[in-house]
Amino acid sequence: MSQSFQTSVPTATFDRLESKVRGYSRLFPNVFTSAVGSVMRTNDGRELIDFFCGAGSLNYGHNPPEVKRALIDYVSSDGILHSLDMMTQAKERFLRTFDEVILQPRSMDYKLQFTGPTGTNAVEAALKLAKKRTQRSHIVAFTNGYHGHSLGSLSVTGNQSYHSEYFGSHNNVSFLPFDGYLGDFDTTILLEKMLSDRSSGLPLPAAVILETVQGEGGIHVASDPWLQRVQSLCREHDVLLIVDDIQVGNGRTGEFFSFERVGLQPDMVCLSKSIGGGLPLSVLLMRPECDVWQPGQHTGTFRGNNLAFIAATEVLQNWQNDDFVRGIQQRSDVLREFLSSLLWQSPQPNWDVRGRGMIWGLDVGDGKLARRIIDVAFKNGLLLEASGSQDEVLKFMPALNIPMPLLEEGLQRFGQSLRQAMASGTSPKTASASKKAANPVDCNGEVIS
């Protein structure tokens, strides 16, 4: 018997039955019913432009037509849905496509491990494998870094609001300052000294883990020389380099991998979010010499998501289209110029614009103000969230292929919302919340102002 969706869905159901851990439903208090491309629709008939993209999981927009067709065809033909790590046609096609479209053109030699349905699973596997490969137990992470909420990935996540003494937080982890954390001071000098001095108190680590652009941390963009110097130090001291490309990979920074333009060659790369074309998929890339697993030594029930393999294979085809790749830069220029113009037109003390590709942040220096702007924008038909240690950085992450008129309309709605929020000067009615918890996330960056 077929089921039809109700035109009116009571929000009281969610309040009564769902855990209070939920965050985004508080940030965007509407029941959503459908979405196409960069537009989401609610049960009360509203249409909202999406600059949020599922926290970076929908780089190609909602329900790409090619993905819908492929999924319908696959399910209709009784394709394998669940397979653990068994061999299936869907997985073979994804592996072959990823190799031919992504790895080979970039002269990259990686093995792939399917780790489970979400990004934190890839980070967990990377940390565990690095320790096994090096026979060391320590990890170096960076201030304001964000890598997930399961215990291993939480230990290398900086924001204190996620931590509790009961979680065993930060065991065998040392945090060093990210690029820009100490102003113009080159923080790789500190990393070099700590690694070289056997009396520094820093055990020789198994790995260094970093994001090239700290998304949840406040859109902090590491400079090319800083990243190259970190890699050089890792090589010098036989320490593995792990790049977490879960949010800022998959084209978000303009190239498929966020580290491409820098010339990095990480020992491991964590991918998730948009790699699955909107469906759960998490992948760890590793240099062949790092693949020291024994069969079955790291497993997960849902590491073989064949529907995600189908969707992922389809969205990867975009990377064979030069117009698609050029379009990312064109849209990036529009975002950068618009946000920078806000500062030029109405200079605000301590406000910054920073970012790269299709991930940009407007740092307004105040989490309450940022939340007020988000609330007004939501009323005006625009979805966006905040990041940073106090949720003070408004985060702009439209789909990589958002139509230019829709991008410009969304920016106009943001400008209007910003003016209204600044004029009102009143506190939002609802408490600050997001997926993160009562307190926000992390912070760092490249300033454009």
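Here is a short chat about the fold and salt bridges of a predicted model.

Visitor: Hi! How many helices and strands are in the protein chain?
Guide: Hello! This predicted model has 13 helices and 17 strands in the protein chain. The radius of gyration is 22 Å, close to the 22 Å from the globule rule for 449 residues, so the chain is as compact as a globular protein of that length.

Visitor: And what does the C-alpha trace span along its principal axes?
Guide: About 60 × 60 × 45 Å.

Visitor: What share of the residues is buried?
Guide: Buried residues are 54% of the 449. As for contacts with a separation of 6 or more, 77% are between residues 24 or more positions apart.

Visitor: Switching to charges, how many salt bridges turn up in the whole structure?
Guide: The search finds 23. One of them pairs R96 with E92, at 3.0 Å from N to O.

Visitor: Where do R96 and E92 sit?
Guide: They are in helix α5 (residues 89-103), 4 residues apart, which means about one helical turn separates them. R96 is partly exposed at 37% relative accessibility, and E92 is partly exposed at 41%.

Visitor: What about E260 and R106, which parts does that pair tie together?
Guide: Their side chains form a salt bridge at 2.9 Å, N to O. E260 is in the loop between β10 (240-244) and β11 (268-271), while R106 is in the loop between α5 and β4 (111-116), so the pair links parts 154 residues apart in sequence.

Visitor: Then R354, is that buried or exposed?
Guide: R354 is buried, with a relative accessible area of 4%. Its salt-bridge partner is D363, at 3.1 Å from N to O, and D363 is buried too, at 10% relative accessibility.

Visitor: Which residues do shared partners join into one network?
Guide: R235, D267, R287 and E289.

Notes: Residues numbered from 1 in each chain as written. Predicted model: local features only at pLDDT ≥ 70, side-chain atom pairs only at ≥ 80, totals over all residues. Heavy atoms only, no water. Helix = DSSP H or I, 4+ residues; strand = E, 2+ residues; numbered from the N terminus. Rg over C-alpha atoms; globule rule 2.2 N^0.38 Å. Buried < 20%, exposed > 50% of the residue type's maximum accessible area, 1.4 Å probe, protein only. Contact = heavy atoms within 4.5 Å. Salt bridge = Lys/Arg side-chain N within 4 Å of Asp/Glu carboxyl O.
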